[in-house]
Amino acid sequence: ACRSVLIQLRAAIPDGPLPYLLGQFSYADMVMIAGLQMIAPYKETQLYQDPATCRCWPHPRLAHEFADVLEWRDRIAARHWTLF
């Protein structure tokens, strides 16, 4: 199920300097960024994650396969993280 959602997300990410899902930064981007925490945490996260959660959530195989989606997440999060 996660993989099919990630495939759809990859297809929805537009090319360009500001690749927002709906053309401008929106709740859609925030939801996807938050959901991707379960695949691989954003390195500079301000979200509290206890050690047990950090051990349970990551999914290295999906993180590797969808590294481009995680890079998209990192670009958007780096630009807008203070808004979360």
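Let me start with a term: a residue is buried under 20% relative accessible area, exposed over 50%, and partly exposed in between. Keep that scale in mind. One more point before we go on: this is a predicted model.

Take E65. Its relative accessible area is 31%, so E65 is partly exposed. What does the side chain of E65 meet in a salt bridge? The partner is R3, with 2.6 Å from N to O. Look at where the two sit. R3 is in helix α1, and E65 is in helix α4, which covers residues 60-65. They are 62 residues apart, so this pair links distant parts of the chain. R3 is partly exposed too, because its relative accessible area is 42%.

Now the next salt bridge. Here the side chains of R10 and D68 meet, at 2.9 Å from N to O. Again, the pair links distant parts of the chain. R10 belongs to helix α1, D68 to helix α5, residues 67-80, and 58 residues separate them. Buried or exposed, or in between? R10 comes out at 30% relative accessible area, so R10 is partly exposed. D68 has 37%, so D68 is partly exposed as well.

How many salt bridges does the count come to? Three. We still have to meet the pair of D74 and R73. Their closest N and O atoms are 2.6 Å apart. D74 has a relative accessible area of 29%, so D74 is partly exposed. R73 has 2%, so R73 is buried.

Stay with R73 for a moment. Its side chain also joins the side chain of Q37, through a polar contact of 3.5 Å. Where is Q37? In the loop between α2 and α3, and α3 is residues 51-56. Q37 has 1% relative accessibility, so Q37 counts as buried.

A quick stop at A67. This residue is in helix α5. Its relative accessibility is 32%, so A67 counts as partly exposed. The C-alpha atom of A67 is 9.5 Å from that of A40, and the two residues are 27 apart along the chain.

On to the nonpolar core. In soluble globular proteins, nonpolar side chains tend to be buried together. In this model, the largest nonpolar core has 19 residues. Which of them touch the most other members? They are L6, L9, I13, L36, I39, V69 and W72. Which elements give two or more residues to this core? Those are α1, α2, α4 and α5. The largest share comes from α5, with five residues.

Last topic: the largest pocket. Its volume is about 220 Å³. The lining has 14 residues, and those nearest the centre are C2, V5, L6, G35 and I39. Two helices each supply at least two lining residues: α1, residues 2-12, and α2, residues 27-36. What classes make up the lining? Twelve residues are nonpolar, two are polar, and none is charged.

Notice two names. L6 and I39 are among the core residues that touch the most other members, and both also lie among the residues nearest the pocket centre.

To recap: there are three salt bridges. The largest nonpolar core has 19 residues. The largest pocket is lined by 14. Thanks, that is my part.

Conventions:
Residues numbered from 1 in each chain as written. Predicted model: local features only at pLDDT ≥ 70, side-chain atom pairs only at ≥ 80, totals over all residues. Heavy atoms only, no water. 1 Å grid on protein atoms, 1.4 Å probe; cavity = no way out; pocket = protein on both sides within 12 Å on 5 of 7 lines; lining within 4 Å. Points joined across faces, edges and corners; volume = space filled by probe spheres on them. Helix = DSSP H or I, 4+ residues; strand = E, 2+ residues; numbered from the N terminus. Nonpolar A, V, L, I, M, F, W, Y, C, P; charged D, E, K, R; others polar. Buried < 20%, exposed > 50% of the residue type's maximum accessible area, 1.4 Å probe, protein only. Polar contact = N/O pair within 3.5 Å; in protein donor to acceptor, adjacent residues only side chain to side chain. Salt bridge = Lys/Arg side-chain N within 4 Å of Asp/Glu carboxyl O. Core = buried A, V, L, I, M, F, W, Y, C linked by side-chain atoms within 4.5 Å.
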